[in-house]
Amino acid sequence: MVTPSITKRYRFLVLMVVFLFFGAGCAEPTGIGVDIGQEAPDFTTTAFDGQEVSLSDYRGEKVLLDFWAMWCPFCTNEIPEIQSLHEQYPNLIVIGVHRSSTESYEEAQSFIQDLGADYQMLRDDDDSIYDTFSGGRPLMPLAVLINENGIVQKRLLGPKTADQIKELFK
């Protein structure tokens, strides 16, 4: 038999999880990782095509970093929308940063090809790039918009609607 005290604790726990998961998403958090108005830290990593890429290679361009993994349904649901916006805004550099520490980048590469996404995909083999931009916060996905001067303009942490993703590009 479940006691009322246990039921109340269970309800409280469920509400806290829902609040943390959905309530924290789609916000522009501050004090976590790289904040809005700060310079985006440079990094160098390997692209899915094997080329070495640095964020500083794109200085002078607007850049959208989209952190994702296949285990994250919100991330994978956003990829077609991000691809569509990549096609609509050719002056914006779109970079997918795959959390390759959590799953094979080869599987992710096949997954991306099946979706028809052709924007730049980078590997984050040890989560160091994600940890830098998120402050190690475990929620996914994470999108960061960086201006031509390398300054973070917007961050969205958590699931995003198509309209919220479009708002990043304006």
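A salt bridge here is a side-chain nitrogen of Lys or Arg within 4 Å of a carboxyl oxygen of Asp or Glu. The views below come from a predicted model, and the structure holds 4 salt bridges.

**View 1. Glutamate 78 pairs up with lysine 160 in a salt bridge.** The N to O distance between the two side chains is 3.1 Å. Glutamate 78 sits in helix H2 (residues 73-88), while lysine 160 is in the loop between strand E7 (152-157) and helix H5 (162-168), so this pair ties together parts that lie 82 residues apart in sequence. Glutamate 78 counts as buried because its relative accessibility is 4%, under the 20% cut-off. Lysine 160 is buried too, at 9%.

**View 2. A closer look at what surrounds glutamate 78.** If we skip residues up to four places away in sequence, glutamate 78 touches Asp66, Pro141, Gly158, Pro159, Lys160 and Ile165.

**View 3. Aspartate 127 meets arginine 99 in another salt bridge.** Here the side chains come to 2.8 Å, N to O. Aspartate 127 is in the loop between strand E5 (120-123) and helix H4 (128-134), and arginine 99 is in the loop between strand E4 (92-98) and helix H3 (105-115); the pair links distant parts of the chain, 28 residues apart. Both aspartate 127 and arginine 99 are buried.

**View 4. Arginine 123 and aspartate 125 form a salt bridge.** Their closest N and O atoms are 3.0 Å apart. Arginine 123 has a relative accessibility of 16%, so it counts as buried. Aspartate 125, at 40%, counts as partly exposed, since that label covers values between 20% and 50%.

**View 5. Now for the largest nonpolar core, with its 43 residues.** The members that touch the most other members are Leu55, Leu65, Phe67, Trp68, Phe133, Val144 and Ile146. Elements giving two or more residues to this core are strand E3 (62-68), H2, E4, H3, E5, H4, strand E6 (142-146) and E7.

**View 6. Zooming in on isoleucine 146 and its contacts.** With neighbours within four places in sequence left aside, isoleucine 146 is in contact with Ala40, Leu55, Glu61, Lys62, Val63, Leu65, Phe133, Ile151, Val152 and Gln153. Leu55, Leu65 and Phe133 turn up again among the core residues that touch the most other members.

Key. Residues are numbered from 1 along each chain as its sequence is written. This is a predicted model: local features need pLDDT of at least 70, side-chain atom pairs count only at pLDDT 80 or more; totals for chains, interfaces and linings use all residues. Side-chain values use heavy atoms; hydrogens and water are left out. Helices (H or I, at least four residues) and strands (E, at least two) are DSSP runs, numbered from the N terminus. Buried means under 20% relative accessible area, exposed over 50%, partly exposed in between (1.4 Å probe, protein chains only). Contact means heavy atoms within 4.5 Å. A nonpolar core is a set of buried Ala, Val, Leu, Ile, Met, Phe, Trp, Tyr and Cys residues joined through side-chain atoms within 4.5 Å.
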